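Welcome! Here is a short tour of a protein model, with stops at a loop, a pocket and some aromatic rings. Have the 3D view open as you read.

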Amino acid sequence: MIYLGATSLDMRYLFLLLLIAAPLAAQPSPDYIYVCSQNAALVTVFDTETFEPADTVDVAALGFGKNAKPHHVAVEPEGEFWYLSLIGANRVLKFNRENELLGQVEVETPGMLKASAQVDYVYAARSISAVNPPSSIMLIDREAMEIEEEIDVLFPRPHAMQSTPHGMYTYTASLTRNQMAIIGTQTNEVELQDIPGSLHTIVQFGTSPNALQMIGTGQTSGQVLFWNLEGTPDRPEFVDSVYVGGQPWHAMFEPDGAFVYVPQNAGDAVTVIDAHTREVLAKVEHEALRQPYDAVFRPDGRYAFVSANNLRGDYKPNSWNGEHPGLVVVIDTQTHEVVKVLEVGPNATGIGVRKPVSQDFFAPY
């Protein structure tokens with residue numbers, strides 16, 4: 001009887017521990033956004049649920065100098081690792097979720113980065129500020145952090161960098177010609193394709209979660225261009241363009257693929273476009289949207305995070321000390337209202353968040 005009583009108590013104690021542990025184990029890990037402050041050699045990490053800062057990565061303190069110029073961030077779809085381009089230090093760095101530096105590789109004037117699902121590489125294009133960069137993009141082995149291949153795309157100043165959801169095709173474009181390069185990531189063979197219209201100066205591409213559409217932003221043309229990828233990701237079919245003006249910058253699809261958010265760097269606004277009808281639905285304006293630059297979404301699509309350079313210092317916080325902070329503007333995607341303004345180091349540029357392959361769509365490539 002004593003043995004049975006002790007066993008019963010042990011079992012009840014174990015059951016109580018399981019009850020306590022179960023909700024803790026069920027808690028998902030937070031998603032983070034990583035915000036580059038190019039003029040401060042800093043990356044600020046925010047929790048996407050609370051909008052509170054979780055950490056700051058001081059690139060200068062890591063030995064890359066105060067002029068390292070962190071520019072863009074790519075986060076692996078699982079969120080376990082993230083990558084940072086340093087224009088001033090000619091490096092691409094690798095960090096883990098704890099923001100520990102795991103590796104680095106030398107790349108001349110790296111700009112936009114892309115790390116896709118099912119592909120063991122990071123693609124790096126060239127910085128928009130580089131005067132005469134190589135006409136190539138770099139293929140970086142994510143595990144070894146070594147250059148796997150330098151892919152010549154045959155046109156000057158490749159800058160835009162985007163892939164299909166599963167990473168089977170990668171796209172870049174010239175800043176000085178109306179040309180894009182389509183790279184089949186199984187072979188790294190390059191196909192060139194002309195982009196119709198006057199000179200666009202394509203800043204960035206975005207692909208929809210279901211891999212059916214691609215968009216590109218034209219700095220000089222003021223247009224957002226739409227391509228059809230359905231069945232032909234190796235030969236994007238141009239279908240339409242929407243004029244928004246104000247130097248459209250890094251436009252992105254929402255996680256459900258229904259809408260496109262377009263930061264207008266010279267227009268101090270974010271335009272929202274219906275991805276199916278290509279109708280302009282809203283124009284978000286706010287005192288903190290000063291030179292908006294990049295846009296990402298919380299993985300559930302509830303909020304958009306838009307970085308803003310604020311180089312002119314048009315936005316001055318209540319605690320203004322004479323400096324011009326970089327900004328992140330949080331937009332409620334249901335109401336298109338600004339719900340929060342986050343301050344970071346000066347000249348906020350690239351912003352990164354994990355982009356899981358959609359479970360709601362079958363993305364074939």
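This is a predicted model: local features need pLDDT of at least 70, side-chain atom pairs count only at pLDDT 80 or more; totals for chains, interfaces and linings use all residues.

Helices and strands are DSSP runs numbered from the N terminus, and a strand (E) has at least two residues.

- Is Asn 132 buried or exposed? Asn 132 has a relative accessibility of 71%, and exposed means over 50%, so Asn 132 counts as exposed.
- In sequence, Asn 132 and Arg 157 are 25 residues apart, while in space their C-alpha atoms are 7.1 Å apart.
- Ser 116 sits in the loop between E8 and strand E9 (121-126).
- The relative accessibility of Ser 116 is 6%, so Ser 116 counts as buried.
- Which side chain does the side chain of Ser 116 make a polar contact with? The partner is the side chain of Ser 163, at 3.3 Å.
- Beyond its neighbours within four places in sequence, Ser 116 is in contact with Pro 77, Tyr 121, Arg 142, Ser 163, Thr 164 and Gly 167.

**The largest pocket**

- The volume of the largest pocket is about 730 Å³.
- Of the 42 residues lining this pocket, Lys 114, Pro 209, Arg 354, Lys 355 and Pro 356 are the closest to its centre.
- Sorted by class, the lining has 21 nonpolar, twelve polar and nine charged residues.
- Several strands each supply at least two lining residues, among them strand E4 (70-75), strand E8 (110-115), strand E16 (202-207) and strand E28 (348-352).

**Aromatic rings**

- A pair of aromatic rings is described by the distance of the centres and the angle of the planes.
- How many aromatic pairs does a search of the whole structure find? There are ten.
- One of these pairs is Tyr 32 with Tyr 34, which is edge-to-face, with 6.5 Å centre to centre and 75 degrees between the planes.
- Tyr 32 and Tyr 34 are both buried.
- For Trp 82 and Phe 95, the ring centres are 4.4 Å apart and the planes are at 15 degrees, so this pair is stacked.
- Trp 82 belongs to strand E5 (residues 81-86) and Phe 95 to strand E6 (residues 91-96), so to speak two distant parts of the chain, 13 residues apart, linked by the pair.
- Trp 82 and Phe 95 are both buried as well.
- Ring pairs join Tyr 32, Tyr 34, Trp 82 and Phe 95 into a cluster.

Technical notes
Residues are numbered from 1 along each chain as its sequence is written. Side-chain values use heavy atoms; hydrogens and water are left out. On a 1 Å grid over the protein atoms alone, a cavity is a set of points where a 1.4 Å probe fits but cannot get out, and a pocket is an open set with protein on both sides within 12 Å along at least five of seven lines; lining residues have an atom within 4 Å of a point. Grid points are joined across faces, edges and corners, and a volume is the space filled by probe spheres set on the points. Helices (H or I, at least four residues) and strands (E, at least two) are DSSP runs, numbered from the N terminus. Ala, Val, Leu, Ile, Met, Phe, Trp, Tyr, Cys and Pro count as nonpolar, Asp, Glu, Lys and Arg as charged, and the others, Gly among them, as polar. Buried means under 20% relative accessible area, exposed over 50%, partly exposed in between (1.4 Å probe, protein chains only). A polar contact is a pair of N or O atoms within 3.5 Å; within protein, one must be able to donate a hydrogen and the other to accept it, and residues adjacent in sequence count only if both atoms are side-chain atoms. Contact means heavy atoms within 4.5 Å. Rings of Phe, Tyr and Trp (its six-membered ring) pair if their centres lie within 6.5 Å; planes under 30 degrees apart count as stacked, over 60 as edge-to-face and the rest as tilted.
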